[in-house]
Amino acid sequence: MKFVDEFRDAELGRALAGEILAVVEPSRHYKIMEVCGGHTHAIYKYGVDDLLPANVELVHGPGCPVCVIPMGRVDDGISLAHEPGVIFTCFGDMVRVPGSSQTLLDARAEGADVRIVYSPLDALRIAKQNPDREVVFFAIGFETTAPSTALTLRRAKAENVGNFSVMCSHVTIVPPLRALLESPDLRLDGFIGPGHVATIVGARPFQFLPDQYGKPVAISGFEPLDLLQSVLMVLRQLAEGRAEVENQYARVVPWEGNLRALEIMSEVFALRAHFEWRGLGFISQSALRLSDAYAEWDAEERFSVPGVRVADPKACQCGEVLKGVIKPWECKVFGTACTPERPIGTCMVSPEGACAAYYNYGRFAREREVA
Amino acid sequence: MPETVSERESKILSIIETARAKRPKFRDSHITMSHGAGGKATTSLIEGLFVPAFASPTLEALADAGAVRIDWLELALTTDSFVVKPLRFPGGSIGELAVNGTVNDLAMAGARPLALTLSLVLEEGLSAETLRGEVRVIARAAREANVQIVAGDTKVVERGHADGMYVCTTGLGRRDPRARLAPDRLQPGDRILVSGTIGEHGTAIMLARGELGLDADIESDTCSLWPTVDGLLDAAGAGLHCLRDATRGGVASVLNELARASGVAMIVREAAVPVQPAVAGAAEILGIDPMYVANEGKLVAFVGSEHAARALAALRAIPGGEDAAEIGEVKTDPPGMVLVETAFGGRRVMDQLVGDPLPRIC
C-alpha cells in the first residue's frame, strides 16, 4: 500500500535497530514511556519491541481515551442511554466498557437505543433524521478528537438542532503527565510524545517535560519505523546529555499545532475545575466541559445524571498500569478474571489499552522459537 | 532464589493458557450482538450452551457440516441462516449467499452438494420485485452449484421484524471417497494455504451500508467452493488434512478455532497473505485487520508438506484462484496459539476476536 508500506519497511527497521544498539550503554536500563495508547497498540501489533535491546523498556502511558474514563462516568452514560426516547451514540470502543452493573452493550440488549458512530457528525445526522427523539453523543478522547466534537456542536448551533446534546468527557494530556512525574513510584528516562494530540496542540505544550523535569521527548508518528526512530531520538538525547522536545512526526505535526482547531475548541469548550481519571484520581483542570455559550447542548444540563463516584473494583490495577508502574501481566487479575471478553478494567477493553494490546498481541512475542 | 521477571511472566502466561484451553462457559445474562460476531462470545454460546445440551458426538466435532451415516452411505448435513443488510451489495445478494454459504459448508466437509431446502422469512411490505429478483438469483446460484432445491417454507412477519427478508437453507451432500478431512488430522509441518485474496465480502458489505463515507471498487467474493475442493482433492487426496471456509470472523478465526480444537500452534507470515490493495486500504482507514474480515468464497486448506506444492498449483489453476498462497505452517508449541510474523520483522499473537462492532454480513 503506497504511503504506508514505506513506514513498515523491515530492512529499514533492522537498520534503525542497529543504530539503537550502538547508542545504548549495555549496563544501563532505560525506561521510556510511550504516552499514547495508539503507540502502545502499534508497538504490539508490529512487534516493535522485538527489535529493541533487552535493556530498553517501553512503559505504557495514560494516553488511552477509553481507559481513563472512570466507572461512575460510564454509569452516567448508561443511565442516559436508558432515558425514555433517547438515542445514545458513542464510539465502538465504549460499548464494552464495564460500568458498575452493566455495559452499554448490555443496556442495548435490554432495550436502550445505543448506536455506534464513527464521527460525532454521524450523531448529529441521526438527530436531524429523528426530530422527535433526543440524541446524545458520548464524547471521549484527548485533544485529538475534541475538535471534531467542537465542530459538530458549532454546526448543531448554527442549524439550531435542539434535540442533540453532548456528554462531554474530553480530557487533556498535559495534566496527567505532570501528575505522573510528580508521583514517586515511577522513574522514567524519557517520553515518546503523542503524535496525534500534538497535531492539534503542537509540540510546544510538551516543552515542560525537558524544561521542568529534564526529560527528553520525541513526538512520534504511529508506524513502526516512526516509533523506532523516536526511540532512537530519545536515546541519542540521553547519550549526549540533552533534554529537549524533538519532532519525529514533522510530516504531520506543526510546532504551533493546528490554530483553527485550537480556536474552535476554545469557543466550544471550557476547562473543568476537576475531573476524575480512572486509577489516577481527581486531576485539576484536566478535562473539558461545554462552554457557557453551548450550555444548551450539554447533556449533563439537559438530563439529570447520577454523577455518583464509583470506586474501581478492588482487584483492578488499571491505575498502576496507566501510570506505567506495573506491566499488564503483573496485575493480579490479568488474563484470568480480567480478559477482553469479560473485562474488569478499562485497560482490557479498548484496543489502545495496554492490557488488551498485551493480551491480544503481546503474549509469547518475546519467545523467539516456535517449535 | 527469587524468580526473574521473565520467569514470572511466563508462569502467568501459562496459567492464562490453561484457562483458555478450557471449554468456554456461557454466563451472559442477555444475548448481545457479540454473540453473533463469530468470535469468543459466539464460541461460548456454541461450546458452552448448545453442544453440551444436545450431547451429540457428531455435533461435538464442531465441523461445518455434520456426518450422517446410513448403512454404507456417508452423507453430510448442514444448515445456515442469512440476515445480511443490505439485501443486495456489490458482487452479490442475500439469495446467492444463502445457496453458496450452505454449499460451501458441505464442501468443507469433503461432501459433494446434492440438495437444498429453502426457508424464507419475509417482512410485511417487502416489494414483490425484490422477492422475484432474489428467487431468480437463488435459482441461478443453485444451478451453477449443481444442487436441487427440494423443499421449502415461507413465513411472513409484521413490518419492522425482518429487515426485508431472512433466508435459511439446509444442505445435504455426499461425502467424497477421496476426502479424509478432520481437525484431528492436522499435523505439525502441515502447510496453510488460502484460496485467494481475503477480506472482500466483509469490506464490500461495510462500504455498501454507506455509513462510513468510503467509496471503493470492492465486490463480495461469494461463490461455490465445491469446484475448488474438487480440484484440491484431485491434487492432494488424503494429503489434504482439513478445510474451512473463512466466513464470519475471517481467516484469523478459522486458524484459532482449529489451533484450539487440535492442540497445535500455527505461524502465519503476514507478508504472504494475499489482500487486494483496495481492501487493504479500506481496512487501514477503518483500523481493521483483513485477517478478521469475512469471506464468502475463500477457503483455508491444511495440507501435508509433501502435497503442498501440488495443492497450491491446483488452487491457482481454478479460475479466480490466481492469488492463492501458502501463508504459514502448523507447529506444536505453544499449543492452541496462532502467531504472526509481522511484515516488519516482529512477532505477535493473532487471537480470536471478542466480538466486533461490524454490521451483519451474512
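Q: How many bridges join strand 13 of chain B to strand 14 of chain B, and do they run parallel or antiparallel?
A: Three bridges join them, and the two strands run antiparallel. Keep in mind that this is a predicted model.

Q: Which residue stands opposite Leu339(B) there?
A: That's Val349(B), in strand 14 of chain B.

Q: What's the strand order in the open sheet of seven strands?
A: In chain B it goes 9-11-8-12-10-13-14, with mixed pairing. Strand 9 (240–245) and strand 14 (347–349) of chain B stand at the edges with a single partner strand each, so one side of each has no neighbour in the sheet.

Q: And the twist from one strand to the next? What does it average?
A: It averages 25°.

Q: OK, on to the sheet of five strands. What order are they in?
A: The order is 1-2-7-5-6 in chain B, again an open sheet with mixed pairing. Here the edges are strand 1 (66–70) and strand 6 of chain B; each has a single partner strand, so one side of each is left without a neighbour in the sheet. Neighbouring strands are turned by 20° against each other on average, direction ignored.

Q: How is strand 1 of chain B joined to strand 2?
A: By five bridges, with strand 2 covering residues 73–82 of chain B and the pair running antiparallel. Within that pair, Val68(B) stands opposite Leu75(B) of strand 2.

Q: Which strands does helix 4 of chain B touch?
A: Helix 4 packs on this sheet, touching strand 2, strand 5 and strand 7 of chain B. Its direction makes about 30° with that of strand 7.

Q: Switching to helix 5 of chain B: how many residues, and how far does it reach?
A: It has 18 residues (128–145) and reaches 26 Å from its first C-alpha to its last, close to the 26 Å expected.

Q: Which of its residues are buried?
A: Glu134(B), Ile138(B), Ala141(B), Ala142(B) and Ala145(B). Seen down the axis of helix 5 of chain B, they fall within an arc of 100°, so they line one face.

Q: Why would residues three or four places apart point the same way?
A: Because an α-helix has 3.6 residues a turn.

Q: What covers the buried residues of helix 5 of chain B?
A: The cover includes strand 4 (92–93), helix 4 (94–108), strand 5 (111–123), strand 6 (148–157), strand 7 (165–175) and helix 7 (226–236) of chain B.

Q: Which exposed residues are on the face turned away from the buried side?
A: For helix 5 of chain B, that face carries Ala128(B), Glu129(B), Arg132(B), Arg136(B) and Arg143(B).

Q: Last one: what follows helix 5 of chain B?
A: Asn146(B), and its phi is positive, near 60°.

Note on methods
Residues numbered from 1 in each chain as written. Chains lettered and ligands numbered in written order. Predicted model: local features only at pLDDT ≥ 70, side-chain atom pairs only at ≥ 80, totals over all residues. Helix = DSSP H or I, 4+ residues; strand = E, 2+ residues; numbered from the N terminus. Expected span 1.5 Å × (residues − 1). Buried ≥ 20, exposed ≤ 12 C-beta atoms within 10 Å, placed from the backbone. Arc of directions from axis to C-beta. Contact = placed C-beta atoms within 7 Å. Pairing = 2+ DSSP bridges. Axes fitted to C-alpha atoms, helices over the stretch in contact; angles between N-to-C directions.
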